[in-house]
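Subject: Structure handover

Hello,

Here is the structure for your files. My notes on what turned up follow below it.

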Amino acid sequence: MSNKQRLIILTVLAVAVAGLYLTIGLNARNWDYALSRRLPRILAIIITGAAISLSTAIFQTITHNRILTPSVMGLDSLYMLWQTVIIFFSGSSSLLVRNVNLNFIVTVLLMVGFTLLVFKTIMRREAGNVFFLLLVGLIIGTLFQSLSSFMQMIIDPNEFTILQGRMFASFNSINLNILTIAVISCGVVFLLSWRYFSVLDVLALGRDQAVNLGVAYDQLVWRLLVMVVILVSTATALVGPLTFLGLLVVNLAWQLLAAYRHRTIILGAFLLSIITLVGGQLFVEHILNFAVPISTLINLCGGIYFIRLLVKEK
Amino acid sequence: MIEVRNVTKSYGDLKVVDEVCIRIPKGKITSLIGPNGAGKSTLLAVISRLIPKDGGEVYIDQIELSDWDNRELAKKISILKQTNHTDLRLTIRELVSFGRFPHCRGNLTKADWDQVDLAISYMGLADIQDKYLDQLSGGQRQRAYIAMVIAQDTEYILLDEPLNNLDMKHSVEIMKMLRRLVEDLGKTVIIVIHDINFASCYSDFIIAMNNGAVVKVGTANEIIDRSLLTDIYDLDFHIETVNNNRICIYY
């Protein structure tokens, strides 16, 4: 089976689950209400899926490592810490909490700034040692988590319930207010990333080959990294942390498509993420009756797949 | 012409390349020789902008490296390091097609593919061009990477130990192929090479280096000299002339 056929099958599957999700249980009386709830969710899922698959694919190529996701830089825990800090210090009625667009912009800027700082420091000192980066990310992540849970312990219980809504990835409590700004920020990154797809193929040959072939390596890695962080921050702000999704879909895409062009891989990972997210959402809503959040489901599947990857690498 | 002026490169306190000045003429094979740690590979990497230099200038056709546009420079000069690895699962033909990237940014035209085919046949890889890199022997993979550099079609070709992993037959083939590139297509080839007899038989000029500095630059006959080599390598040399080539015996 050629890659084209595989991509067509994935597209058909993605459209089918999306169609099923939109139409299941619709009748003459409830259709306009149900659709008004489901359409924004589908849109959010598409944006999240695209953002996570694109950012993970780019990040793995930059770091030359297929078992990393951008969250190793401590991004998810930084997001949680920041949300905790705002509510802890300024209360849930403050402007930063109420004005979600402002919150979004500040959060994204903070995460971009933080990542670039960490990456720049490590890259300069350790000359691109990925393992060191992993270790630092892990430690910073743990530090942030501890700080967050410390504040969550002593916070006002009412404030905590507001915070709790932001702690787990969920498409039921999607932050619809920031959907517009998320569409814009991701849309801009998608358009910009388009012309980098063939350069990503060259980056995968390694730094020396990329420089030899005329790629302005350091500058390019910076640009790509900024894109990655914007995408991850958007996805996180929209639905919450989804650590393993990127790892799952991007690796499946490499395995399934056996292609070398990032164009193909990113498209495949995007379709897979829609299938996973919409399928998972269907499962959560109609079979589990909302008893389990989708992030738990995805982290379970992703975690198992991750262990498989680790075992296989050995 | 490539002109290197006072180039210095240090790692920590260690000066790996120390105030090196050389001129490398066009349309010739120039070999860099010297013991391990002499700074040959570092100098090659600095000339090809793979690593930044700490001081000095490198002029390629009278333009300093930092003034070159990245993409234009990639059409002018190519470099192949000793070790190459990629996670991508590529066939030889796909790998070689990457050599066209500076010319077409990944959208290969008919003319680009012709160049790819030419490079593949130049390296004698036509019958295995659809094999994946991970199915190849070390020597075949080395030849595939060299084919990629040939497809890049640059005026200057820099190779860091191109004979690595190759047996005698393939080593000779590569060196003959490099001579053809120089004589038929007017390319300029600069190689770092360990086998001194290959350097002696196939190069126009040899640059002898030791401890980060250039000891002597000259034609093969001038450099393959008993006292000079004994001094550089700290090894007893015996030199014979066979078929007008100077052959070192040092075993």
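A residue counts as buried under 20% relative accessible area, as exposed over 50%, and as partly exposed in between. The model is predicted.

By that scale A:Phe88 is partly exposed, because its relative accessible area is 28%. A:Phe89, at 62%, counts as exposed. These two rings form an edge-to-face aromatic pair, with 5.0 Å centre to centre and 85° between the planes. Over all chains, the search finds 9 aromatic pairs.

Another pair is B:Tyr233 with B:Phe237, which is tilted: the centres are 5.8 Å apart and the planes are at 50°. B:Phe237 is buried, with a relative accessibility of 4%. Both residues belong to one aromatic cluster that also holds B:Tyr250 and B:Tyr251.

Two arginines sit over rings. A:Arg66 lies over the face of A:Trp254, 3.9 Å from the ring centre. In chain B, the charged end of B:Arg89 is over the ring of B:Tyr132, at 3.9 Å from its centre.

On the backbone, two residues other than glycine have positive phi. For A:Ala258 the value is near 45°; this residue lies in the loop between helix 12 (243-257) and helix 13 (262-287) of chain A. A:Ala258 is partly exposed, at 49% relative accessible area. For B:Arg49 phi is near 55°, and its place is the loop between helix 1 and strand 4 (55-60) of chain B. B:Arg49 is buried, at 14%.

Helix 1 of chain B (residues 40-47) is itself mostly covered, with 7 of its 8 residues buried. Among them are B:Leu43, B:Leu44 and B:Ile47.

Regards

How values were computed: Residues numbered from 1 in each chain as written. Chains lettered and ligands numbered in written order. Predicted model: local features only at pLDDT ≥ 70, side-chain atom pairs only at ≥ 80, totals over all residues. Heavy atoms only, no water. Buried < 20%, exposed > 50% of the residue type's maximum accessible area, 1.4 Å probe, protein only. Helix = DSSP H or I, 4+ residues; strand = E, 2+ residues; numbered from the N terminus. Phe/Tyr/Trp six-rings, centres within 6.5 Å; stacked < 30°, edge-to-face > 60°. Lys NZ or Arg CZ within 6 Å of the ring centre and 35° of its normal.
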